[in-house]
Amino acid sequence: MAEAIKTWVVEQGLKAGDRLPSEAELIERFGMAKGTIREAMRILEAQGLVKTRTGPGGGSFVHEPGQDRARALLGNYFYFKDLTITDIYELRRVLEPELAASLAGQLSAEVLAELEATIASYDSPATTLEEEREQHVASLRFHALLAAQSKNPLLSFTIDFMVKILSDLTVYKELYAPPNVELWRQGRDFQRRLLAALRSGDPEKARSIMAAHMESAQKLMQGQEAQMLRRFMAG
């Protein structure tokens, strides 16, 4: 029943914020019992597709789930999948070079300045484990910011989701320990070169730099993951 209501919403061209028919109208329109309609509406509300308001002017309205909610729901699916660094980078190495190429010469001065400021936030090697963790998360935020600039919503969401999973995995598994100066140096240098290619509008160079960045990052992060496993086995 929930799927039937979703299909009807699309067919009617309803948008976020549009009011849905009353319960009585839905019962009549779909020829279903009150309990069936209520259960369907509960499902749609749990999925974030319907928002119910009470009081004057209240009712049920079409709602567009935010990216954070969509990411959280998808994250729940992968929670028990035991994702590895290899799993994540298999996708990053395919998608992110193409993202970089598509954005070359297309970024505003404000976005370029924000990317530059992000790199500057880890301009020096970390001196503490806490700072190392913060730098790992910040360096991934650079990629999330790039993903947000894509005109392709599916590409943007997919890369942003992978970055969030990798960030969570890094913190949860303590992949920032022990501090890895080579990981910091290579990551910062690749991002500086990538930023220059994006600013100059060279798509092939941007693609090549990002591809090399992903290959290097995968190898170094796999090394961090291996050390984490050794710590686990020794503990």
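This is a predicted model: local features need pLDDT of at least 70, side-chain atom pairs count only at pLDDT 80 or more; totals for chains, interfaces and linings use all residues.
Residues are numbered from 1 along each chain as its sequence is written. Local features need pLDDT of at least 70 and side-chain atom pairs count only at pLDDT 80 or more, while totals for chains, interfaces and linings use all residues; side-chain values use heavy atoms, with hydrogens and water left out.

**Exercise 1.** Determine which residues of helix 1 are buried and what covers them.

Solution. 
- Helices are DSSP runs of H or I with at least four residues, strands are runs of E with at least two, and both are numbered from the N terminus.
- Buried means under 20% relative accessible area, exposed over 50%, and partly exposed in between (1.4 Å probe, protein chains only).
- Helix 1 covers residues 2–11, and Ala2, Ile5, Trp8 and Val9 in it are buried.
- Seen down the axis, these buried residues fall within an arc of 125°, so they line one face of helix 1. The arc is taken over the directions from the helix axis to the C-beta atoms.
- On the other side of helix 1, Glu3, Val10 and Glu11 are exposed.
- The cover over the buried residues includes helix 2 (23–30), helix 3 (34–46) and strand 2 (59–62), with contact meaning heavy atoms within 4.5 Å.
- After helix 1 comes glycine 13, with a positive phi near 70°.

**Exercise 2.** Describe the largest cavity and its lining.

Solution. 
- On a 1 Å grid over the protein atoms alone, a cavity is a set of points where a 1.4 Å probe fits but cannot get out; a pocket is an open set with protein on both sides within 12 Å along at least five of seven lines; lining residues have an atom within 4 Å of a point.
- Grid points are joined across faces, edges and corners, and a volume is the space filled by probe spheres set on the points.
- The count is one cavity of 30 Å³ or more, and the largest cavity holds about 300 Å³.
- Its lining has 24 residues, with His136, Ser139, Leu183, Gly187 and His213 nearest the centre.
- Helix 9 gives the most to this lining, seven residues.

**Exercise 3.** Find the volume of the largest pocket and the element that gives the most to its lining.

Solution. 
- The volume of the largest pocket is about 550 Å³.
- Of its 14 lining residues, Gly75, Phe78, Tyr79, Asp168 and Leu169 lie nearest the centre.
- Helix 4 (67–78) and helix 8 each supply at least two residues of this lining, and helix 8 gives the most, with six.
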